[in-house]
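Here is a short briefing to read alongside the model.

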Amino acid sequence: MGARCTRLLAALLLLGLCALGGAQKPDPCQCSRVSAKNRLNCGFPGISSDQCFSASCCFDSSIPGVPWCFKPLPKQELEECVMEVSARKNCGYPGINPEECASRKCCFSNTIPEVPWCFFPLSVQDCHY
């Protein structure tokens, strides 16, 4: 099987999986806040932005040498709370509950151990496609 057939087969498989999963384009903050060095490949060589977005992935071809189609950051309730773990600035204390964190107008996520679970939000003005 030639390279062209392999790419076509990969594209069809990707599109089929998207149709099953109800894929949708990620929010701008989920993409623009992923640092280039932390991009996890989500496509194949030559993937178009439309194919990438159809797979619920991010697309940015402005940086050579890194994946252009990559996995987005996890969705959060508020766009202001979407960020890489390394960008979290502590807004609470050990054992803080979600309600106390929200009363401080901060974000709460306890899915990753040993990082701040209550953290300051970021501005959404820097989020774009």
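Predicted model: local features only at pLDDT ≥ 70, side-chain atom pairs only at ≥ 80, totals over all residues.

Residues are numbered from 1 along each chain as its sequence is written, and side-chain values use heavy atoms, with hydrogens and water left out.

**Pocket and cavity**

- Rolling a probe the size of a water molecule over the atoms shows where empty space is left.
- On a 1 Å grid over the protein atoms alone, a cavity is a set of points where a 1.4 Å probe fits but cannot get out, whereas a pocket is an open set with protein on both sides within 12 Å along at least five of seven lines; lining residues have an atom within 4 Å of a point.
- Points are joined across faces, edges and corners, and a volume is the space filled by probe spheres set on them.
- The largest pocket holds about 290 Å³ of space, and its lining is made up of 19 residues, with Leu73, Pro74, Met83, Glu84 and Val85 nearest the centre.
- That pocket lining comprises 10 nonpolar, 5 polar and 4 charged residues (Ala, Val, Leu, Ile, Met, Phe, Trp, Tyr, Cys and Pro count as nonpolar, Asp, Glu, Lys and Arg as charged, and the others, Gly among them, as polar).
- There is 1 cavity of 30 Å³ or more, and the largest cavity has about 30 Å³ of space.
- Asp27, Gln30, Lys75, Gln76, Leu78, Glu79 and Val82 line the largest cavity, a set of 2 nonpolar, 2 polar and 3 charged residues.

**Salt bridges**

- A salt bridge here is a side-chain nitrogen of Lys or Arg within 4 Å of a carboxyl oxygen of Asp or Glu, and the model has 3 salt bridges.
- Asp27 and Lys75 pair at 2.4 Å, N to O. Asp27 sits in the loop between helix 1 (3-21) and helix 2 (28-32) and Lys75 in the loop between strand 2 and helix 4, so the pair ties together parts 48 residues apart in sequence.
- Helices (H or I, at least four residues) and strands (E, at least two) are DSSP runs, numbered from the N terminus.
- Asp27 is partly exposed at 25% relative accessible area, while Lys75 is exposed at 54% (buried means under 20%, exposed over 50%, partly exposed in between, with a 1.4 Å probe and protein chains only).
- Arg39 forms a salt bridge with Asp60, with the closest N and O atoms 2.8 Å apart. Arg39 is buried at 8%, and Asp60 is partly exposed at 24%.
- Glu100 and Arg104 form a salt bridge at 3.3 Å between the closest N and O atoms.

**Two buried charged residues**

- Glu84 lies in the loop between strand 2 (69-70) and helix 4 (98-103). Glu84 is buried without a salt bridge, and the nearest side chain of opposite charge, Lys37, is 6.5 Å away (Lys and Arg count as positive and Asp and Glu as negative; His and the chain ends are not counted).
- The side chain of Glu84 does make a polar contact with the side chain of Asn38 at 3.2 Å (a pair of N or O atoms within 3.5 Å; within protein, one must be able to donate a hydrogen and the other to accept it, and residues adjacent in sequence count only if both atoms are side-chain atoms).
- Arg33, in the loop between helix 2 and helix 3, is buried at 10% relative accessible area. The Arg33 side chain reaches the backbone oxygen of Ser123 at 2.3 Å.
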